[in-house]
Amino acid sequence: MMMKFLFSLMFMVPLSFLKVGFWFNQCIYMVLIFLFLVEISLSSAYCNISYFMGVDLLSYMMILLSLWICSLMVMASEGIFSSKYYYKLYLFVLLILLISLFCTFASMNLFVFYLFFEFSLIPTLILIVGWGYQPERIQAGVYLLFYTLVASLPMMVSIFYYYNLNGSLDFFFFFKSVEFFAFYLCMSMVFLVKMPMYFVHLWLPKAHVEAPVSGSMILAGVMLKLGGYGLMRLMQIMIPLAIKVNMIFIVIGLIGGFFVSLICLRQGDIKSLIAYSSVAHMGLVLGGIMTLNYWGLSGSLVMMVAHGLCSSGLFCLANISYERLGSRSFYLNKGLINLMPSMSLWWFLLSSSNMAAPPSLNLLGEIMLINSLVSWSMFTMIFMSLISFFSAAYSLFLYAYSQHGKLFSGLYSFSMGSVREYLLLFLHWFPLNILVLKGEFLVLWS
């Protein structure tokens, strides 16, 4: 069953090079999403197994998110299509990225997971360096590459160590626990960089600011989730040690989330603010996973899906303003409610979702994570409340500064958004708010 979807994606490669490939590709992505929803039966254990691939609820949601975000990336990149800027190559790179993400999430073997996890870095790098905006994109690419690679070599060594110890790398046969701090650090570090955890997050704002809109969407939407997904899968072999050590990472996640929320309030660049807000949200996810309880893991999954849709939508909005005004600075993006009145509603809807207002999935995720962290220790309430408060503060700051005030650029016209842009934002916002009605679907796994 899973191999069928992999072959569907692989046979899309020639389509990338057709003249009508741009919108045709997107239609096929949507058909694949529909087939994936209809045909894949789901249980809390691995099912639909073919060769090295299978899905349980966690990988199912992540694959669905990857397919969804990749189809929306095509829709958001109309600028590349209309300017004919190597758009066939762009579609090809995007497809290779989707295939690598699909194999990463569907893999049931740790080494295959590691292989595709590292491979997904290359198309992302090509997207940033090839279609980015400023010359600094080379530096951003180097940051992204080296942060990940420095952490990933120790992980490979620890995978070989575990294979020697356990005799199998299939997730299903993870029986032996390892109580060895160096192993724990080597295994977790690559995921902590990818999430990113505070202290190893500096590559993220750089990569986001320099990336094209599609690069930002896939980074915020799916690539950060690789970190949380990997931790969830691998924490089970380190539980005896994790119970003693995880406190360090919960504290870093929560205090780091609070500091990053303060940093958000001092940003002058819209994309930079949204990127830093990702670090704050993923700090909560990290805390939830590290508590090792049911609430925490379920809440982290909900929060990752919610953040993937919400952040990606905000990056689309930032790009829509950037295409009109040619700047991402708050000093120039003022009074946009006068320039694009209809778009102001979408700014409001996605900003409010970002601050976890009902009925968004972010609220459900935050409530579950608060349950998890407070049951772990009462003291986490202090930083949870601060993060919740300041996340509302910077979301409000983002909305108020960009929409209100006098148009700085001297444009006294108004600019309607195209239907494509409204559809793009609707397809981010609608699942983000409608999935709350099916909340049990996201937490029925153990």
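## Burial and the predicted model

Buried means under 20% relative accessible area, exposed means over 50%, and partly exposed lies in between. Tyrosine 399 has a relative accessible area of 15%, so it counts as buried. This is a predicted model. The burial classes return throughout this report.

## The nonpolar core

The largest nonpolar core has 167 residues. Phe36, Phe102 and Leu110 have the most contacts inside it. Helix α3, residues 57-76, gives the most to this core, with 17 residues.

What does leucine 110 touch, leaving aside its neighbours within four places in sequence? Its contacts are Met155, Ile159, Leu169, Phe171, Phe174, Met187 and Leu234. Leucine 110 also lies in helix α6, which covers residues 110-119.

## Helix α3 against helix α14

Helix α14 covers residues 294-325. The axes of α3 and α14 come within 10 Å. They cross at roughly 5°. The two helices are therefore roughly parallel.

From α3, the contact uses Leu57, Leu58, Met61, Met62, Leu65, Trp68, Ile69 and Ala76. From α14, it uses Leu301, Met304, Val305, Gly308, Leu309, Ser312, Cys316 and Asn319. By class, 13 of the contact residues are nonpolar and three are polar. None is charged.

## Aromatic pairs

The structure holds 42 aromatic pairs. One of them joins phenylalanine 113 and phenylalanine 191. The ring centres are 6.0 Å apart, with 35° between the planes, and the pair is tilted. Phenylalanine 113 sits in helix α6, and phenylalanine 191 sits in helix α9, residues 181-194. The pair links distant parts of the chain, 78 residues apart. Phenylalanine 113 is buried, at 1% relative accessible area. Phenylalanine 191 is buried too, at 0%.

Phenylalanine 348 and tyrosine 399 form an edge-to-face pair. Here the centres are 5.9 Å apart and the planes 70° apart. Phenylalanine 348 lies in helix α16, residues 341-354, and tyrosine 399 in helix α18, residues 380-403. The pair therefore ties together parts that are 51 residues apart in sequence. Are its two members buried or partly exposed? Phenylalanine 348 is partly exposed, with 44% relative accessibility, whereas tyrosine 399 is buried.

## A ring cluster

Ring pairs also build a cluster.

## Backbone features

Where are cis peptide bonds found? One joins methionine 195 and proline 196, with omega about -10°. Proline 196 lies in the loop between α9 and α10, the latter spanning 203-210. Another cis bond joins proline 358 and proline 359, with omega about 5°. Proline 359 is in the loop between α16 and α17, the latter spanning 361-376.

Asparagine 48 has a positive phi, near 55°, and is not a glycine. It is found in strand β1, residues 47-50. Tyrosine 51 also has a positive phi, about 55°. Tyrosine 51 is in the loop between β1 and β2, where β2 covers 53-55. Are these residues buried or exposed? Asparagine 48 is buried, at 14% relative accessible area, whereas tyrosine 51 is exposed, at 70%.

## Two residues in their surroundings

Isoleucine 289 is in helix α13, residues 270-290. It is buried, because its relative accessibility is 0%. Residues up to four places away in sequence aside, isoleucine 289 touches Gly228, Leu231, Met232, Gly296, Leu297 and Ser300. Serine 372 is 83 residues away along the chain. The C-alpha atoms of isoleucine 289 and serine 372 are separated by 9.2 Å.

Leucine 145 is in helix α8, residues 137-166. Its relative accessible area is 24%, so leucine 145 counts as partly exposed. Not counting residues up to four places away in sequence, leucine 145 touches Leu121 and Leu125. Threonine 124 is 21 residues from leucine 145 in sequence. Their C-alpha atoms are 9.7 Å apart.

Notes. Residues are numbered from 1 along each chain as its sequence is written. This is a predicted model: local features need pLDDT of at least 70, side-chain atom pairs count only at pLDDT 80 or more; totals for chains, interfaces and linings use all residues. Side-chain values use heavy atoms; hydrogens and water are left out. A nonpolar core is a set of buried Ala, Val, Leu, Ile, Met, Phe, Trp, Tyr and Cys residues joined through side-chain atoms within 4.5 Å. Buried means under 20% relative accessible area, exposed over 50%, partly exposed in between (1.4 Å probe, protein chains only). Helices (H or I, at least four residues) and strands (E, at least two) are DSSP runs, numbered from the N terminus. Contact means heavy atoms within 4.5 Å. Axes are lines fitted to C-alpha atoms, for helices over the stretch in contact, and angles run from 0 to 180 degrees between N-to-C directions. Angles under 35 degrees count as roughly parallel, over 145 as roughly antiparallel, 65 to 115 as roughly perpendicular and the rest as oblique. Ala, Val, Leu, Ile, Met, Phe, Trp, Tyr, Cys and Pro count as nonpolar, Asp, Glu, Lys and Arg as charged, and the others, Gly among them, as polar. Rings of Phe, Tyr and Trp (its six-membered ring) pair if their centres lie within 6.5 Å; planes under 30 degrees apart count as stacked, over 60 as edge-to-face and the rest as tilted.
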